[in-house]
Amino acid sequence: METYESLLAAVSVEDGEPITNPATDEVVGRAPQATADDLTRAVAAAEKAQPGWAALGHERRSQLLNEAADAVDRSAEALAELIAREQGKPLNGPGARFEAGGVAAWLRAAAATPLEPEQVLDDETGRATLSYRPIGVVGAIGPWNWPALIASWQFAPALRMGNTVVLKPSEYTPLSVLALGAIVNQVLPEGVLQVLSGGRDLGAAMTNQPGFGKLMFTGSTATGRAIVAESAEQLPRLTLELGGNDPGIVLPDVDPEAIAEDLFWGAFINTGQTCAALKRLYVHEDVYDAVVAALTAVAEKMAMGPGTDEQNVLGPLTTPQQFKIVDRLVEQAKASGARIVLGGEPDRDAPGNFYPATLVADIDPDQPLVIEEQFGPALPIIRYRDLDEVIGLANALDAGLGASVWSSDPGAAREIATRIQSGTVWINSHGGVHPMVPFGGVKGSGYGLEFGVEGLKAVAVPQVING
């Protein structure tokens, strides 16, 4: 079992890049900076380890993934503290402890998910069997918002299917992922999972690295497009989970107080820094004022502060750049005449990147806070009257990761959900993911599926045997 101090000591280096706590601006640790040559050596080691790893078979690989999950559980508190200090999310609520626990859950789910050969033809014309084989070496590039959890979403299924993995965490939150790698590598064979921290040059080198048969990326749409272009020469398979601007549509038959807390967490989980968070809320005029009031009553009670303080459930924005984006969008909304119901007045001179939970009402649907992804704790609430019109607004943007419909009639909500252009539509909730339920986006939110059986297929190559 690791302590916070021992875990940090295992990954921080004296001459590394300083990583600061977004709540206090204090240095947490120093991350090593890998070079393109380090990447080449890591890929060579992964190529060397891959045949032996694949030869272990599904049962043994799954056993080792379960043992890795046990190792994560033993060091979960230390990992959670590192996440809280480096990324900023609080220990409690759906925060750092939740993230560390999710890592173990996804490792176990990858181990437990069956993927049997499929008999696709068996009649008088012939016989054909579809099965899935390892790709080889998978390259993964992770984000800063859920650094350890999303890393596990990438490497756990890839390892289960017999691949080896070279993973680059975000340059803003490398220590958490390096620490997770150190924990699971207490169990895994050498070379099977390697974590390299570094800057954008390292990420660029990964996109045209000839040793990768697959690239997985979670991050912005702009970077996703660059990866598609830059990886074209090597033609690796791609899974791209890109930006979202998720709409929620509230129908006039809801009980505002009954849905208010779920609406809040749909929008403000991880202080709004989640790709599939609720980012624009459309509320029917009949219940608009009541929903705004109920949501405000919930939001007012949510404590914000440093992630290591036990009473907090909202933390800072992870980067100063993200603070500036949220601040700009809210100020533009104010200038347009929108009504600030809660928040909207950050202390720009205080330490840390704290932006208060902000609710913006009576805002026009074409304002930047609505049509741009804010990725932070500022929710625009748009009044609507006509259902067809609001579905058109929900579908108008080049984003399609998630959406939600809120109604006391789930059947009616499901019918509306079929008209929304997004990879996932939740009914009376928003943003919840499950390791057995496929997840992925459409339009500018990327392509490819993660989780469950489809997630395993995505990190493997299909093979048909005729006869």
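Hi everyone, let's start at Leu107: leaving aside neighbours within four places in sequence, Leu107 is in contact (heavy atoms within 4.5 Å) with Leu65, Ala68, Ala69, Val72, Phe155, Ala156 and Val184. Before going on, this is a predicted model, where local features need pLDDT of at least 70, side-chain atom pairs count only at pLDDT 80 or more, and totals for chains, interfaces and linings use all residues. Residues are numbered from 1 along each chain as its sequence is written, and side-chain values use heavy atoms, with hydrogens and water left out.

Back to the core. A nonpolar core here is a set of buried Ala, Val, Leu, Ile, Met, Phe, Trp, Tyr and Cys residues joined through side-chain atoms within 4.5 Å; buried means under 20% relative accessible area with a 1.4 Å probe, counting protein chains only. The largest one has 101 residues, and Leu107 and Phe155 touch the most other members. Helix H6 (residues 147–160) gives the largest share, nine residues; helices are DSSP runs of at least four residues (H or I), strands of at least two (E), numbered from the N terminus. This core lies between domain 1 (4–243 + 445–466) and domain 2 (246–427), because both give residues to it; those bounds come from an automatic or database domain assignment.

Now, where is Glu241? Its place is in strand E9 (residues 237–241). UniProt, in an unreviewed entry, lists Glu241 for "active site"; its positions follow the numbering used here, feature names are shortened, and annotations may be inferred rather than shown by experiment. Glu241 counts as buried, at 5% relative accessibility. Beyond its neighbours within four places in sequence, its contacts include Phe217, Cys275, Phe439 and Glu450.

Key:
Buried means under 20% relative accessible area, exposed over 50%, partly exposed in between (1.4 Å probe, protein chains only).
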